[in-house]
Each structure stands twice: as structure tokens, then as C-alpha cells.
Amino acid sequence: MRVVDVLLPWLAGTLMLAALGLIFVVVPSEAQMGVVQRIFYVHVPCAWAAYAGFVLVAGASVAYLATGRPAADRLAVAAAEVGVLFCSLVLVTGPIWARPIWGVWWTWDPRLTMTVILWAIYAGYLLLRSFGGEEDAVARWAAVLGIVGVLVIPVIRVSVRLLHGIHPAVLTTREGSSGLADPTMRLTLAVSSAAVLALALWLVRSRVRLAALGASASRLRRELEAREGATA
Amino acid sequence: MDGPPIAARGLRRNWSGRPVLAGLDLVVEPGELVALYGANGAGKSTLLRVLGTLLRPTGGELRLFGCDVRRGTIAARQRLGWVGHDTACYPDLTGRENLEFHASLHGLARAGARVDALLAWAGLEGAARTPVRSYSRGMAQRLTLARALVHEPALLLFDEPFSGLDTEFAARLAALLAEHCERGGAAIVSAHDESRLAAIASRTVTLVAGRLREG
Amino acid sequence: MVLRTALAILAKDLRIEARTREGLASALVLGVLLVLVFSVAHDAPADRAPSLAPAVLWVTFVFTGLLGVQRSFVLEREHDALAGLLVAPVDAAALFFGKLAGNMLLLGVMQAIVLPLVAVLLHVELWAALPALLVVLLLGNLGFAALATLFAAITVRARAREVMLPVLLLPLLVPVLIGGVKATQAILVAGLAAAREPLGVIAAFDVIVTVAGVLLFEQVVRE
């Protein structure tokens, strides 16, 4: 239990409260979309967390293949579990936002399609780890999947743009109405992004600690059995 | 790239978190025929697979002919022959085709004569053109041995090679192993309890609790 | 040396396939069945056929391909044959390319049957566009086979093998699926030049996936 394990939850909590305050009280409603648009301040940071999670999976996977250290493998699993969580949140908040504004729960536009595919890759990774079997090689296979996934994702993004879509280009457009012209909006996004990031880091850290404790427990149990076997 | 055929120090291999090989030391010099004993499930097959580069060590150091296996095993694989519990041959190909295939994997250009000689030694000339699927247990075992010997390796790693062999071929194998080591080759042969092996072995080791004990 | 070994492995696989004819037969039967099922399920009038045919083609290719690729490693599991390959001084890249080539050939033969079938059942004129289609198929097959070869080596040892390969592969195959369908659509309507963008996507995918496959195959195949 290190300092960061005490600090992170407090940091995440504080930032989250601040973000909620900003989102519900301070920030003005967006001109075209109204109150519902506020979900954007949660939806977008979750999407960033989902992508960042996958990059972390890939990084930890490379480290595992290079060094063989179980800690790297534990980090990869933790990042995948947290990543799929935030990816799921994106897929839930998206339709909640979309329905009042576009009139449909779902469209096959590039950004949404991309998120579903990312979710599917995550799900495959976790499925492989759960049902791949008892072999030690499962960690290695999952690492390969993590690395290949992150390499293919950019191509998937490009290919998905070959389809047609209506996702609002909120951050890249130059028109004032759907962009973030208002500094309060930018501040809200920044704070909620920080809150989501802190939350994600804390979840990953907790998950890694849980896995490490589990491994220690197994090892102690084995040593105990060996000792009992020797004295029997 | 030179050194004793096997130089293992603190060799470790886990299986599902459990250590099967737990800090094992072993040096095998040219000319040694090492008999490897151990109870069922002790890890003899695992040890032979690790030495055959089929499994990566979880920890410790392993050098085959002086090459560190962590740095690459291709050079070492040119000089070792491995036999496991299964044939490692393709059931739909004939005996001859299997041997020719493995010869080509070793880069042996005109292997026809060598394959013929091995088929004769293994007593498989008659069955050379039938699919391995139709072979009896003994025939399959002899083919496996031939497969491992096709490139005249300097180091033999044989896991219970006598199983399934009748008296005549067991004697042939024993003679081959003895001759191989007399000529400067090295071999590790595992067995449950093989008196024939004990007669020709220059050294005996037993695998207990993940480590080797002499004798 | 790598090329020679890869060819030896390819030759070995072809010889086994010629003897048993299992892989090709099941791939062909499945491919034909899928086309029949699609045709029956979506009984489109002739003027809508050009937009339906590419989708039917590529979905059929993908699902049939998954079956065929899986088999190319199942045969290495029998009698621990893979151990024979791993204990020989064979570069993992040679094994990868040998299997990759075999899988591409399997795909090609299957496509040679499915294409005319789709042309007949869905009333689509494919003959004129054939050279352009061959380009798409070649690029698509390479990317598919490279990724599938890498992952089939994994799933053949995993539990729940039959469902694991599609589950892992399908999301990653999206560029081939979308690129293939879009390129085929463009070619049928306007010719090869119109398909430049999707073909570029497939080509980029091919490069990434083949390089990744060669580099990572050793990790997958040796415990």
C-alpha cells in the first residue's frame, strides 16, 4: 500500500465532485442541443480513457513479451478490464445523447462503429484470458493480441471512414456553434477529463494490486502445502 | 559457438505457477550417455522439452553447445535430435515422405541415401510407402527415432525411446546409442526403469522435486 | 533459406491436403452453402444485386476462410507434429510464410468456386471486372491469411477453439471486410480506378499485419 493508493481515490473523488458541479451547475447549455449535450463532458473523456486503456494494454504486452515479468502481464489485464468498462460507458452514454438529438438510438457512423469494434477487441482479449485454458501460454497469446490490436486500430479507423456517418465533429470543426468556443465549456471538459483519468488510473492500480495479492496468496498456499507434505 | 552440449544452471520451468524444474543444474560433456530416471510426473518430459528448445525456461541459464538459448536456438537445433512421447510425424504422409520432409527442414540436399539407410535401420523399408496412420505402435516409434536421427545430431534427447520396441529393435537402439557416444556424441535418455539402458549408460541422474540427483 | 523452408512446408501441406482433401472439401461446401443461404434469405431484385453481391462475397470468404485456416494448424497438433517443426532449425518466419501461402491458396481455390456461383445466383456480371477483382482478392487474401495464420496458431491450443478464432479475428478483420466490399462495389460500378481508396486501406492493413505476424509468430508458436 503506497502513498499513491491513498492519494488517487481522494484525487479522483475531488475532481469528480468538481466536474459534476461544473457540468450540472456552472457550464451553460449548448446552443443547438440543449441540456442533453452535457453528457458530452462524460462521454468524450470516457472515450479517451477507452483508447488510452488499449495503448496501455499494448505497452504492457510488449513489456511482458520482452521481459517475461508477471507484473507486466497483470498490468495488461487490469488495463483491459478498465478499458472495456470505459468503452461500455461510451456505448451507453452515446445513445442516451443521440436519441433526443438525432431521433435514433444508434447509427453506423465512423466514430460509433469504431467504438463498437474497439469494444469487441477488448472483449476478445478478456475472453481469451478467461477461456483460453490453463496454460501459461495464455498470457503470451493475450500479449500478442494486445499488440496486434493496437497496430490494427488506426487502419480500422481509416477503413471505417469509408462508411458514411453523422457523428458531430465537436472538437475539430471551425464553426462556432458546435465547437467549444466558450471557455467555461473548455474548463468543464478539462476537469471532467482529469476526473475520469484519475478514476481510470485508480481502478487500474487497484486491479493490479488485487492480482498481485492473488499471486502472492497462491504462492504462499503452495509453500504451505509443500511444507506440510515434507513434515507429513 | 562452442561448449559442452548441455550446460544448465539454476534451470527453472513453471507450469500453472507450479515449479516443475526448480533450479536444476546439469552439465553433459561429449561422449556421455546420461540415463534420466524419475517418477511419473516428476518432469522428465518437461526437462527434455526444455533442453530440446521446445519450452522456454522460466528462469536460470541454459547453454546448448555454448549458445545461450535466450539469444536464439537455431544453431543449437541443428545439432540436436529430440524424441518425445508422440511421433511428431504426419499420419497422412508415408514414412519416407516424413523422413524426407524432416531432412529438408535440416537443409539436407540429397537425402535419399540417408533416408534409405535410416529406413533400413528402423526395419521400415516395407512400410516406407504407406501412410504413418497405418503403422503399429512399434513401427511408429522406430519412425520417430529415424526422424530424430536424420541429420546425424551430436546431442540426442530421447524421452522413453524404448517404449513400444520389441527385443530386436531395443537392442539396435541400445547399440546405436552406445556407438553414438563412443564417437563423441552425447545423449540423455529417460526411462522408467530400463536395465538395457543401465548397461550402456555412463552416468545416471534422477529427477526429484525439480532437481537432479546423481545416481 | 527461409524461402526454401517455407516452400518445403507449403509442399508438405499441399501433399497432405491432396491425400485427405478434407480442408478443401469442407471449405467449398461451407462456401456454397453460405451463398445459397444468403441468396434465399435476401431475395433481391436484379437491379439491387450489385450492392448485395460484394457483401455476400466477402462475408462468405471470411467465414469460409476462418474454417480453412483453423484446419491448417489442427493437423500440426496431431501427434505433436508441430514439435517436429520447432525442434528443427527452422526460422519461425519460414513456418509463418509456409502456412500463410497455404492459406492463401485455399482461399483462392474457394473463391474460384464462390465467385461464379454468386454471379449466377445473384445475377451479377462479374466476368468483365475479373482482372480488377483479382487484385482486390489478392490483397484481401493476403491480409486475411496473415492475421488468421497468426491467430489460428493461438486458438488451436486454446479451449473453446471453434468460437475463439472468429471472436478474436472478426473485429480485427474489419479493414479487409469494409475495404473488400467497398472496392468490389466500386469496381463493379466504375472500374479499378474508383477502388483506389479502399484498396489503399487493404494494402496498408496487409503491410502492418504481415510484418506483425512475422515478428510475433515465434512468440505464439513456441511456449
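User: Which element of chain A holds Arg209(A), the partner of Asp5(A) in a salt bridge?
Analyst: In this predicted model, the side chains of Arg209(A) and Asp5(A) meet in a salt bridge at 3.8 Å, N to O. The pair links distant parts of the chain, 204 residues apart. Asp5(A) sits in helix α1 (residues 3-26) of chain A. Arg209(A) sits in helix α6 (residues 183-231) of chain A.

User: Is Asp5(A) buried or exposed?
Analyst: For Asp5(A) the relative accessible area is 6%. The cut-off for burial is under 20%. Asp5(A) is therefore buried.

User: What separates Arg227(A) and Glu223(A) along helix α6 of chain A?
Analyst: Their side chains meet in a salt bridge, 3.8 Å from N to O. Arg227(A) is exposed at 56% relative accessibility, and Glu223(A) is partly exposed at 37%. The two are four residues apart in helix α6 of chain A, so the separation is about one helical turn.

User: Which strands does the salt bridge of Glu214(B) and Arg203(B) tie together?
Analyst: The N to O distance in this pair is 2.8 Å. The two parts are eleven residues apart in sequence. Glu214(B) lies in residues 211-214 and Arg203(B) in residues 203-208 of chain B, so the strands are β10 and β9.

User: Of that pair, is Arg203(B) buried or exposed?
Analyst: Glu214(B) has a relative accessible area of 53%, which makes Glu214(B) exposed. Arg203(B) has 17% relative accessibility. That value falls under the 20% cut-off, so Arg203(B) is buried.

User: How many salt bridges are there over all chains?
Analyst: Some join into networks: Lys12(C), Asp13(C), Glu76(C) and Lys99(C) are linked in one. Over all chains the count is 29.

User: How many salt bridges are there between chain B and chain C?
Analyst: The contact takes 31 residues from chain B and 28 residues from chain C. In polar contact there are 14 residue pairs, both at pLDDT 80 or more. The salt bridge count between chain B and chain C is five.

User: Which element gives the most to the side of chain B that touches chain C?
Analyst: Elements giving two or more residues to that side are α2 (74-77), β6 (80-83) and α3 (95-105) of chain B. By class, the side divides into twelve nonpolar, ten polar and nine charged residues. The most, five residues, comes from α3(B).

User: Which residues of chain B lose the most area to chain C?
Analyst: About 2700 Å² is buried between chain B and chain C, and carbon and sulfur atoms give 58% of it. Three residues together account for 25% of what the chain B side buries. They are Arg56(B), Tyr90(B) and Leu105(B).

User: How many salt bridges does the rule find across the interface of chain C and chain A?
Analyst: Here 28 residues of chain C are in contact with 30 residues of chain A. The buried area is about 2600 Å², with 79% from carbon and sulfur atoms. Two residue pairs are in polar contact, both at pLDDT 80 or more. The salt bridge count is zero.

User: Which element gives the most to the side of chain C that touches chain A?
Analyst: α6, α7 (161-172), α8 (174-190) and α9 of chain C each give two or more residues. By class, that side has 21 nonpolar, one polar and six charged residues. Ten residues come from the element that gives the most, α9(C).

User: What is the radius of gyration of chain B?
Analyst: Chain B has seven helices and ten strands. The globule rule gives 17 Å for 215 residues, and chain B comes close to that, so it is as compact as a globular protein of that length. The radius of gyration is 17 Å.

User: In which loop is Glu152(B), with its positive phi, found?
Analyst: Phi of Glu152(B) is near 50°, positive in a residue other than glycine. Glu152(B) counts as exposed, at 57% relative accessibility. Its loop runs between α5 (137-149) and β7 (155-159) of chain B.

Conventions
Residues numbered from 1 in each chain as written. Chains lettered and ligands numbered in written order. Predicted model: local features only at pLDDT ≥ 70, side-chain atom pairs only at ≥ 80, totals over all residues. Heavy atoms only, no water. Contact = heavy atoms within 4.5 Å. Buried area = accessible area lost by both parts, 1.4 Å probe. Salt bridge = Lys/Arg side-chain N within 4 Å of Asp/Glu carboxyl O. Polar contact = N/O pair within 3.5 Å; in protein donor to acceptor, adjacent residues only side chain to side chain. Nonpolar A, V, L, I, M, F, W, Y, C, P; charged D, E, K, R; others polar. Rg over C-alpha atoms; globule rule 2.2 N^0.38 Å. Buried < 20%, exposed > 50% of the residue type's maximum accessible area, 1.4 Å probe, protein only.
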